[in-house]
Amino acid sequence: MSEFQVAIRHGDLADGEKTLVEIADRLVLLFRIGDQYFCIDDICTHDGGTLADGSHQGFEIECPRHGARFDIRTGAALCMPAFRPTQVHECRVVDENVLVKLN
Ligand code: FES
């Protein structure tokens, strides 16, 4: 079972921004919305594309390859061509550190 690991410092990411982080050899995307953090795999379930260069607004990110969109809170695929969710990971802020627990 995975444990929480430090991903970034709370002040490292501005509100509304995202960053690519490697945790235990796995690339994940970390988003900050207000003082909340959300983390998903950097993998589009349509064809394995990276989501890191996709545009995001609110709680949605769009895959730059073919336009699938995902909800960063749940990983749910919101439109074709993706129909399977991408993996989400639990986030927590402790002592100015943002921690992520890989699922
Ligand atoms: S690889 Fe993401 S929409 Fe096709």
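Two residues are in contact if their C-beta atoms, placed from the backbone, lie within 7 Å.

**View 1. Overall fold of the predicted chain.** The model is predicted: local features need pLDDT of at least 70, side-chain atom pairs count only at pLDDT 80 or more, and totals for chains, interfaces and linings use all residues. Residue numbers start from 1 along each chain as its sequence is written. Among the contacts in the chain with a separation of 6 or more, 38% are between residues 24 or more positions apart. The chain holds nine strands and zero helices, where strands (E, at least two residues) and helices (H or I, at least four) are DSSP runs numbered from the N terminus. The pattern along the sequence is accordingly β-β-β-β-β-β-β-β-β. The C-alpha trace spans about 40 × 30 × 20 Å along its principal axes. The radius of gyration, taken over C-alpha atoms, is 13 Å, which agrees with the value near 13 Å for a compact globule of 103 residues; the globule rule is 2.2 Å times the number of residues to the power 0.38.

View 2. A residue is buried if 20 or more other C-beta atoms lie within 10 Å of its own, exposed if 12 or fewer, and partly exposed in between, with C-beta atoms placed from the backbone. Buried residues account for 28% of the 103 residues in the chain. A nonpolar core is a set of buried Ala, Val, Leu, Ile, Met, Phe, Trp, Tyr and Cys residues joined through C-beta atoms within 7 Å. The largest such core has 21 residues, of which Val28, Leu29, Leu30, Cys39 and Ile40 touch the most other members. At least two residues of this core come from each of strand 3 (26–33), strand 4 (36–41) and strand 9 (97–101). Beyond its neighbours within four places in sequence, Leu30 has contacts that include Ala7, Ile8, Leu13, Tyr37, Cys39, Val98 and Val100.

**View 3. Surroundings of Arg32.** Arg32 lies in strand 3. Arg32 counts as buried because 21 other C-beta atoms lie within 10 Å. Leaving out residues up to four places away in sequence, Arg32 touches Leu13, Ala14, Asp15, Gly16, Glu17 and Tyr37. The C-alpha atoms of Arg32 and Gly58 are 9.9 Å apart, with a sequence separation of 26 residues.

View 4. Strand 5 is joined by two bridges to strand 6 (residues 60–62), and the two run antiparallel. Gln57 has Glu60 of strand 6 as its bridge partner.

Key. Two strands pair if DSSP finds at least two bridges between them.
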